[in-house]
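Let's take a walk through this structure together. Have a look at the sequence and the fold first, and then we'll go through the parts one by one.

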Amino acid sequence: MMGLATQWVALRVRRYWLGRNPLRRRSDRLEAAGVAATLILLLFSVWPAVVMGRLAYENGLQAERAGPGIRQQVTATLVQDAPDTVPVGGNDNGTAPESHAAARWATPSGEQKMGRVAVPTGAKAGTSVKVWIDGRGELTRSPASHAETLAGAVTTTLLVIAGAATTLTLGFRGFRWLLDRGRYAAWDASWAKACGRWRRLS
């Protein structure tokens with residue numbers, strides 16, 4: 001597999017190498033220049049992609065800090081048994097079976113709150129579970145971990161690079177299509193000229 005990849009790269013380098021081959025047409029040199037320009041622009045796109053990834057990382061951290069108030073984890077106690085079966089369409093992501101049941105928890109000010117929380121299927125009333133609450137004591141999502149924020153930044157960087165690569169590839173294909181039209185036209189003109197000579201000689 002590696003040998004085929006190396007051979008493919010070698011053929012492309014040989015095809016687009018700007019040497020002194022007298023058989024190279026002007027369109028061939030233009031195509032080689034187009035390849036070089038595409039690669040250079042792709043390399044230049046790495047820097048904006050890194051900048052966008054860094055911005056995504058910083059925005060992720062800022063969003064977590066400026067989330068729904070001050071989040072903290074508290075202990076909630078189930079006030080009813082959880083269902084023994086998983087709801088239809090639930091837990092399709094391969095995680096452990098979960099259900100929802102009513103639970104009670106206390107806010108930092110001592111106020112009692114109630115709501116439905118995610119618990120293991122079949123959990124009994126009186127079971128303690130950890131939940132996240134906001135500054136008002138209401139249930140909220142858990143804060144994103146550093147790994148999740150970093151993964152989002154890396155994904156943004158790769159998407160920007162992929163978008164640049166796709167745009168540049170399409171642009172180069174369009175440029176080569178125009179060159180091919182000129183080549184075919186020149187080829188047809190050469191054949192027409194050759195046929196004219198053959199007719200005069202016959």
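Before anything else, a word on burial: a residue is called buried under 20% relative accessible area, exposed over 50%, and partly exposed in between (1.4 Å probe, protein chains only). What you are looking at is a predicted model, where local features need pLDDT of at least 70, side-chain atom pairs count only at pLDDT 80 or more, and totals for chains, interfaces and linings use all residues. Residues are numbered from 1 along each chain as its sequence is written, and side-chain values use heavy atoms, with hydrogens and water left out.

Let's start with the overall layout. The protein has 4 helices and 4 strands; helices (H or I, at least four residues) and strands (E, at least two) are DSSP runs, numbered from the N terminus. Read from that end, the order of elements is α-α-α-β-β-β-β-α. Of the 202 residues, 22% are buried. If you take the contacts (heavy atoms within 4.5 Å) with a separation of 6 or more, 62% of them join residues 24 or more positions apart. The accessible surface, worked out by the Shrake-Rupley method with a 1.4 Å probe and, for residues, with only the protein chains shown as cover, comes to about 14600 Å², and carbon and sulfur atoms hold 63% of that.

Now for the strands. Which strand does strand 4 pair with over 6 bridges? That would be strand 1 (residues 72-78), and the two run in the antiparallel sense. To count as paired, two strands need at least two bridges between them in DSSP.

What about the inside? A nonpolar core here is a set of buried Ala, Val, Leu, Ile, Met, Phe, Trp, Tyr and Cys residues joined through side-chain atoms within 4.5 Å. The largest one has 13 residues, and A76, L78, W105, V117, V119, V129 and V131 have the most contacts inside it. Two or more residues each come from strand 1, strand 2 (98-106), strand 3 (112-120) and strand 4. In soluble globular proteins, nonpolar side chains tend to be buried together. To see who sits around V131, leave aside its neighbours within four places in sequence: V131 is then in contact with Q72, Q73, V74, A76, V117 and L139.

Charged residues come next. A salt bridge means a side-chain nitrogen of Lys or Arg within 4 Å of a carboxyl oxygen of Asp or Glu, and by that rule there are 5 salt bridges. In one of them, D134 pairs with R136, with the closest N and O atoms 3.6 Å apart. D134 is buried at 5% relative accessibility, whereas R136 is exposed at 64%. Salt bridges with shared partners also link E111, K113 and E138 into one network. Within it, the closest N and O atoms of E111 and K113 are 3.7 Å apart, and those of E138 and K113 are 2.9 Å apart. Because E138 lies in the loop between strand 4 and helix 4 (146-201) and K113 in strand 3, their pair ties together parts that are 25 residues apart in sequence. K113 is buried at 17%, while E111 is partly exposed at 44% and E138 is partly exposed at 32%.

Finally, turn to helix 3, which spans residues 46-65 and holds M52. M52 is partly exposed at 41% relative accessibility, and together with V46, W47, V50, V51 and L55 forms a nonpolar surface patch of about 530 Å² of accessible area. Such patches are made of residues with over 30% relative accessible area and no salt bridge; like charges are joined within 9 Å, nonpolar side chains (Val, Leu, Ile, Met, Phe, Trp, Tyr) within 5 Å. P48 lies in helix 3 too, and P48 counts as partly exposed because its relative accessible area is 39%. How far apart in space are P48 and V160, C-alpha to C-alpha? The distance is 8.0 Å, although they are 112 residues apart in sequence.
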